[in-house]
Structures are given as structure tokens and as C-alpha cells.
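The sequence and structure are shown first.

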Amino acid sequence: MSSPLLTTEDLSIGYVNDQAEPVAVISSINLTLGRGETLGLVGESGCGKSTLLLALMAYQKAGLQRLGGRLEFLGEDMVAMSARDLQKLRGGQMALIPQNAGQALTPTMRIESQIFEALRLHSNLGMAAWRSRSIELLERVQLARPGEMLKRYPHELSGGQQQRVAIAMALAGEPDLLLLDEPTTGLDVTTQVHVLDLLRDIVAETQTAMIYVSHDIGVISAVCEKIAIMYAGELVELGEKQQLINQPAHPYTQGLLDSIPKLHQSRLPVGMEGRQPQPGLRDFSSQCVFLDRCGHAQPICEQSKPGLLKLPGQAVKCHFGEQTLALKDLATGSQVAKPEGFSKVVLQVSDLCVSYDRPSLKRRIMGDKADLTVQDIAFEIRQGEILGLVGESGSGKSTLLKTVAGLQQPLSGSMVLNEKFDLSYAVGKRAPECQQRIQLVFQNPDASLNPSHTIEEILARPIALYFGGSESAISEEIDQMLERVNLPVAYRHRYPGQLSGGEKQRIAIARALVAKPDLILCDEITSALDVSVQASIMKLLLRLRDESQLAILFVSHDLAVVNALADQVVVLQQGRIRESGRVYDVFSSPEHEYTQSLLASVL
Amino acid sequence: MLQLIARRFVFALVTLWAVSVVVFTAVELLPGDACQAFLGQMAQGQRLDNCRSRYQLDQPAQVRYLKWAKGLLAGDLGQSIKRDKPLKEIIGPRFRNTVILGLSAALLGIPMAILLGAIAALYRDQRVDIWISGIAIFCMTVPEFITGTLLISFFAVWLGWLPGIVIMRADAPLLEVLSNIVLPVITLTLVMVAHIMRMVRTSMINVLASEFVLMGNLKGLPRWQLVLRHALPNALLPAINLIALNIAWLMGGVLVVEVVFNYPGIGRLSVNAISDRDFALVQAIALLMASIYIGLNLIADLISLLLNPRLRNQQGAG
Amino acid sequence: MTSLKLILTAIGSSRSGLLGLSMVGLHLLFALTSPWLVPYSFDSQSEIIGHIGPSFQHWGGLDTLGRDVLTRTMLGGRQAILITLLGTLLAVSWGGFFGIVAGYSGGRVDEAIMRCIDIFLAVPFMIFLLLIIATYGNDPDVMILTLGFFYGIGVVRLARAATLEVVVKDYVLSAKARGEGIYSIIFREILPNVRDVLLVEAAMRWSWMLLAFSALSFLGFGITPPTPDWGLMIASARIYLPLAPWPVLLPMIALSSLIIGINLTADALAKSLGLDRITRTVI
């Protein structure tokens, strides 16, 4: 290893609270990165990984400050650097590729002037060479028709194109170190694969070092050699990729890896109980941060903070780093018993076509067909069965879900509930029984629970609407339901804003369940959640299915989740069904080439 | 693009027409008519009928509206019965004076407001911001007639630097107007700057928190370049329409300012016209002010279209 | 989520909010109790006719007609506060209603309502305010109705914008999917989430309406003398300002402190509710 490119020593970032005490958001970060090395920083939301990434550029968002520690780049102390020197460094020798390129590009400036700006600041090229160099850069990131792209504004590009422009801009200063903040999170899986390929190429070709932040360990292992795991603002484990994935030493790493659903094994992932501590609520300076959630905690974990224990090929912040290695295999998920379908068909969809545009009179006279968002859809769900509906954005999977829910009018075709109710009306015109028997759970519980209502009000409403009953009866039912979704009864007086993401999603599921439905429609209900929470929601869903013989239509873009959860699967592309069947059959021997490419994109 | 501009134009014209109907109807609905007002409450019989037929007030409302509208299209505002003069002659010079007053205040105020707003946002919650914002609240909330009164007693009476109230004919030459408007302009500008500055500040704070400004920082952009090239244009875009709305609304305040300073503009004229119940004059002024408002909005729309690439692509955004 | 207590603590948590709130509270208290507190009757004239500075008997001095300035200032806000408060209530009610309906319905209903609003916005309301008062007199109910109407126009735009942000939320969709009726959705799901916006707006409207009301008085279209009113007092005494500042300064301070107090409160409220965005405008 050559002399280090970037070193941090006990770097801590945080804020000073009302009592004038320092509160660390990230603490005691020790990192060393050599030239050309690639490091992946993995952690769940709120662990401070983005804060750390910005801190590596000696930048803190408003309200945060450096509480202590050193930061060196190429042997120079970045903390002591003048603003002018920092400006030269940022975007020059070290460049950031942002999470959401669509918002990180200035909307009022052409791509051209934004790249020129980077060249003017960070290269010695004369003005005359800017254009040709820009085209070169855009070609480098494999953007088609670079000359034309330069003239465009950010909003005129697709998400993948915007991300490529952001990468090109970062390359303008020929950096020694690239910092990436979840650059593929907003992209479709197939686009993600292309962007990751590109990044790998760039690293291989230019010997640029890279620090890649992501919540997705799959993405990280596709591009990085080393992996660091972050939890509650601390680096808890650090190691070579293979070693860390195969032999995680920290209990948190083990839990994290166990909670990731995998495509090649159809077992249910194991979730982690508890919740990541928030900065400022408790002082962990003389305790292990993972104490509350650790299954192997001993008295010593409460009395002293573990140091970084060096093992061959990895380092771990745990008192029992060596022992836990041996405990690894204890936690394995239960194999899901996939029931054979029950005889009763809950939902039968046939020849369904949906269109968003209302055909104008002129077009109807001309005999033009409307633009169909989804067409010729046919499938059925039986009692106690989970049907996974997979596809990328724009595949029409959400439209299909809305149509079943009655929020979107179908153009033609039929939907039948319980073999007798016609569902081809908008929800308001359906029989009350239909309204009650189909319930919907949304992707983002922040948006699907009314922030001005208490949990009690949220859960009482469907009961009052469909069944009525006395206040005390409703109240008792709410208590039972909260217990069923593993939430304390005391939560009934809280507001959604006082709950964590996973808890909110449990409430959303509970709201669907109090209506005693036959069919629950789930719209990406786990994708806004962290993996460990996702695993516990999946477990809950399966238990509820078994208890109440629910039929579930589960829409997701995540094949691994569908693999672990669903019995049947329907693959959707551009509004058409490409393939369908039992999950095991479809995923183990996909016939349609689109299914194959989707499966190949799973990391 | 051209189609969009054309749409806005047509839309503005339709609104103007609708406003003319509203103004006409509203005045029409009020009890009494111009002749009654002219001749007095007690007037009855032949004199009233004569007057009405002379000014064609005995015709049905829609006929009179059409005549009025036709006249407007030809540039004829009509005739004031009370003042016995064509309205054009009455309004013309006073309208010029008000435009001079408003324009000076806007030209002085808008750049100042943008500058102060940007500074306040950049130094948010620091001493500069607290001072600027505090003074702005003060200017915004103290009624114009109080500011005006205070300014007069300070500059005119105490220091004797400037004329306190304006004593000039409505059709005074431009130079004389300009020498008289310092205090009215300051009064108007204070309110205008306060309102616009607050909007620019809020907008700028939002933009400064955006990801592209963070990205600009991490791209190594010097601060002033980041502010001028990236932040400010994006902060001003959503503010343009609001600035126009505010200016138009503050023109309502012109009325008070003109009375305070005895300034011969259409604001004071309208107050007089209402006191005299000179309905034709009121109608004409109301329509004129409405067209200023619509015109300002149209200009703001066009500027936004020119500066905002997103809007340009949005076909038929209305 | 915001009961009155929560709102008050939210405002009181910032220094400027606390200041504003106490200014407004003091004014309201005065408006309610001042008839029993004033040292003199509002129209009783002293034997000395003409201006007199502050003295032991007359803390605020006497005005041209020899009336006690302090008394008149203490009483001078009651009409204005009552009329503008009711006007604000009216404005926010009708504006909020149409705004929410427009935002929720969308399509042609929305188009129709908004086009009307565009037209009304273009009408110079100050002129019509004066015209209506000149024609129908300055009865409080005429004032409340006209002020309430003209100041509600802007509320429609704002309530619509706030509603548009709410209707796309999944909880509204969820209510639709549950089969809820339109009134249930508007009152249960939308209104509680638009309420904060309307509350802040109401406070701002109130302060602007006070400004307009005082301007009306100043122009001679507001309260009929000899009833004391700040705007009127300033208008009648302002030419003597260099000679006798008290009859002008006292009502000036009273009026300005009320309006500034309302603005500080509204700002603090908006900030603590996370609403300090650019949608706020005088229109």
C-alpha cells in the first residue's frame, strides 16, 4: 500500500445542545484510504453515513460542526486549510457524486455551463478547449449524443442521464478520490447495473480511489473492495469484502446481513428487534452502541466501550469479536412453508386494459385507440395466497393496483371479487361490501397516515365506517389489533409523527386489517423501510396471512423480497404481463428475456 | 413558446374584459346615478329626465355598457358629468404622475429589496438579518399615512430640506413633478421594499438549503459565484409573480400616500371622485388600475417564461 | 395536532413570538376593559380649549378640542379591532371553503373558481371599498361584509394551494379507497392539515385589514366622529404634529404596536409550524 490518500483520526461531528454539551452525530471515525482503494460505507438510515461523507470533504451542514479529530488528505491537514484551498480541493482532487443528481444540478443552468464551470475551476484548460473536453467527459460516462446533451437543461434529461452528467462533472477535475452518496438509489435496477459498471470501469482505468455510501450491501459489494459498517454514528466493523460478508464479526453486521432477503434462497430473512439510537438521547461514550439490540450482550458491554479489535482481514468494535464469529450460524431464518392454494378464488382479473388519457372526441371518431397504460392483464389470487407483482418504474404495476382498488377506472376487461362482485366501478360506486373486503396499504407510511389524527382515530375510522358499534367495542378491537401487529397498546394516543417508520407501517397494516378484508393490496410497502425493519414487516405479513387466510397482492420492484414472500409472481413490463407462475418456477428458470435481465440485475 | 406567450396575452385580454363587466355592473348596482348625484338627492322630475336623456342614462344598462366599451376600445374614456370635461383630460396628467411615482418607487425598491433579501438570507438569524428583518416588519406594518406624516415632520418641518406637501398643478412639467416626489417615493418604497425583501429572503433560504447549492459548495465554487449564478436566479423565479402581485396591490396604498402628500395622481383623484359621486370617473379609474394590475401580471408571466427553462417546456401550462 | 395550548407554546417559544403575543394580548385586554379604565369620557372637553401637553391630570395631553388624548387612544381601537376580527373570520371562512373545494375537486370546478378569483383580484378593491362605504354608509356590518369579501379573495388562492399539497397524499387516497364520502374527506382528512396554513393566514389578514381600516378612517370613510378611532385621530391631528405631537403619537403607537404584534405572532407561528415558505403574500 502506498502512502495514504485520506486519513481520519477520531473524527467526530455533531452539535452543541441547549445545555452547551457536545452531542456527536458521528463519533471517533478512524479511516485510512490508499490510492486507488475502494471502500463501501454501509448503514441504515440515520446512522450518519452521509454526514460522514460530507465531513470527509471538510464540509458540515448548517447546525453541525466538527467536535474533534483530524482529517488529512495527501498528508495535508484539511481542518486547518483556508477556504480558498478547500475550494480548490473540492471538485478538484476530491469530488462528490450526489444521491439525487436531478436535484443536485442547478435547474436554471444548461448542462454545458455547469460542466464548463467545473472545468474553469479545476483544470488548466483554456476556454477554447472546454467544449471538446466536455464532450469527451460525457462520452466517458457513455452518454449518447453529448453535443446535444450539453445544450439541455437538467429537467430535460432522464434520471439515469442526470446521474451520468453528475459523474462527468465530478470527473472534470480529474479527482484522486471520488465520494459517492447512494448515486443509484433513485434508479431502476437495470439502469443501476449500467451505472455501477461505469463506475467500476472508471476506477479501473483511472486508479481513482472511491468511498461509496449506501444502505444496500449488494450495491457496495458490486463496486468496492473493502466494506465498513456504520451504526449510530460509529464504524462498528471494517474489512475486506469477501471476509466481511462471509464472516461478519459484529453482531450488528450479522443481523444486517441476515435481514437481507436473497434471491437464491427462499427463506424469510430475520429481522432485528429494537431501533437504532438517535443522537443526543443517550450518552454511549462508555457503552457499546449496539448494547440494547445485541443478543450476546454481557455486563462488560454496559461498562466499557469496545475498542477496534483487529482480526486478520477485518477489524471490529465488539468486546467479543472473536467469539461472535463462531456464533454466526445460529441465526438462520425459518423456511417459509408455502401453502398450496386454497380453492376459493378471491380476485379474478381478466383481459384488463387501463388508460390514463381520456380519448378525445376527434380520436374516437378517427377510431384511434387510447394509449394503454396496462393491457390484457389476467391473473387470479386465491384465499391465503400472496401474489407478487414485479416490474420497474413505468411498468404499470401501480396503475394495476389502483384499478383493483377502484381508484382508476378500467377501459375494458373484468375484475371479480369472491366470484360474485363486479369490481369494474370506481370505488365510490362499488357495493359497500366490496369497499370493506379490499384494503390498501401504501409505500410510504409518512404519507398514508394522516398526521393530524391519533392512532386511535386512524384505526377507529374503518370500524365505524363499515361495522359501527359502540365506542367501547371499537376501543377493545383497537387494543386487540395493536397487539396483533406487535405494538404496545399505549400507542393508541400517539400521533404518527411520534412513531418510527416500521411502527407507522404496522399501523397502516392494522388499519387495513380492522376492516376484516379478504384481499389486501400492498404497494411497495417495504421499500421505504430499512432492511432490518423490512424483514420484520415481511414476517408480520406472513403471520397475518396465515391467521386470517388473507389474499395479498404484493407489488414490488424488489425481486428478492417477492421471492421470499410470494407464492405466485407476475412480471410486468410496459403494461403487459411478460411472465407469470409460481415464484420458484419463474425465478429459477425464467423464460422471458425481460425476466432474465431483471434477475441478472439483482445484486 | 410563441404559442404560450400568445395564450397569456389572450388570457389577459379576456380577464380585462371580464373586469370591465364587473366594474360596470358593480357601479351600476349602486343606488342612484350620475345625474341624481350631480343634481342632488332632492332633484326630481323634468330636470332629472332631461339630464338623463342628455347623457343617455335612460337607455338600458347593456346598451350603455356596449357604448362605454366601444368608447374604451377607441381610446375614449367618456365624459364626466360633474366636471363637465372629457375623462381623458382629467385622468391623463394625473395618471402620468401616479406612474412616475410608482415607477420610481419600484425602480428604487426592487433592486434594494432583492439585495437586502439575499443578504438577510445569507446571514440568516445573525445580527444583520435580525436588523433587516426587524426593520422590514416595522416598515410593513406601520401604515403609510403614519410613515408619511413622520417623514413630513422630520424632513420638511424639522430640517426644512424638502417640501412637505406637494403644491403643484396636475399637469406640471416633468421636472417639477420629479422635484416634488422625494418624500412620497420614500414612503411608498419603504413598504414595497419590506414586502418584497421578505419574500426574497424566504425564497432564498429555501434555495440555499437545496441540494444544488450544497453541490455547488462541494464543487469548490467560490461563495459569491454560487450565490449570484446558482442561488439567486432560482430564488427569484418563484418570487417574480409575487413581486408583481405585491406591486399591484401596493398601488392601492398609493391612494393614501397621494392624499397624505396632496400629490395630484389618480389615487387622490379617485377619492375625490368617490366623494363627488362622479361614477363615470370612478369607473374609468377602476378599469385603469385593473389594467395596470393585469399588465404587471402579464409582464411577470413573460419574465418567468423567459427565465425559467422548466416553464418553457411545459406546454399549455396555464 | 395543534390545540390552542400547543399553538400558544409554539409561539411563545421564540422571543419575538412572545413579544408579539403579549402585545396582541394586551391590546385585546384593553379593548375589552378600557371603558371602565378610562379617566375621562371620550367627548368631554376640558375648559381649556386647544392643545395642551401631558400634565398630571391629562397624561396624554389634550387635543384641539380639549379632549383627553389618553382616553381617546384607549378607546380608539375597540371599533377597529371588533370590525376587523369579524371581517377576518368572514374572509378566512368563505375563502377557505372555496379554496378547499377548488383544490379538492380539480377540473372544471377548480377552473371556474380560479378564473373568478383572477378577475376579482384585478378589481382595485380600495376604490370599491370606498365606493361601497360612500354609498351605503359606514355601518359596522357593511364594513365587515366588504372587508371580509375583498380579503377573502386571496385566501381562496392560498387555501387551494395548501389543499393541492394535501390531496396528493396517500391518506386522502386511502380514504377514497375506503369508500369515504366527499364531506368526510374534506372535514376529516383535508381540513385538519390545512388548518395551520389558514390560521397563520388569518393572523396576517387581520393585520392587513387593520391597516386598511385605519387607512379608511384616515381618508374619512371609516368611523364617524366624535367616536374615537386611531386612524381618525391621526388624520385630524397630524397637521399640528410639529406643535403638538401627543395627539398624533399616542394613537400612532397604539395602532402600530397592535399591527406589529400581530405580525410578530404570525411569523413565530408560521416558523414553529414549518410554514415559513414563499406562498405568503399580501394578495
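Strand β10 (residues 234-240) of chain A pairs with strand β12 (residues 314-316) of chain A in the antiparallel sense. The model is predicted, with local features needing pLDDT of at least 70, side-chain atom pairs counting only at pLDDT 80 or more, and totals for chains, interfaces and linings using all residues. Residues are numbered from 1 along each chain as its sequence is written, chains are lettered from A in the order in which they are written, and side-chain values use heavy atoms, without hydrogens and water.

Strands (E, at least two residues) and helices (H or I, at least four) are DSSP runs, numbered from the N terminus; two strands pair if DSSP finds at least two bridges between them. Strand β9 (residues 226-231) of chain A is also an antiparallel partner of β10(A).

| Pair | Bridges | Bridge partners |
|---|---|---|
| β10(A) and β12(A) | 3 bridges | A:Leu238 and A:Ala315 |
| β9(A) and β10(A) | 6 bridges | A:Ile227 and A:Gly239 |

Of the 7 residues of β10(A), 5 are buried (under 20% relative accessible area, 1.4 Å probe, protein chains only).

In chain C, the axes of helix α4 (residues 78-105) and helix α9 (residues 182-219) come within 7 Å and cross at roughly 145°. The contact (heavy atoms within 4.5 Å) includes C:Gly96 of α4(C) and C:Arg205 of α9(C). Its residues divide into 19 nonpolar, 4 polar and 1 charged.

Terms used:
Axes fitted to C-alpha atoms, helices over the stretch in contact; angles between N-to-C directions. Nonpolar A, V, L, I, M, F, W, Y, C, P; charged D, E, K, R; others polar. Buried < 20%, exposed > 50% of the residue type's maximum accessible area, 1.4 Å probe, protein only.
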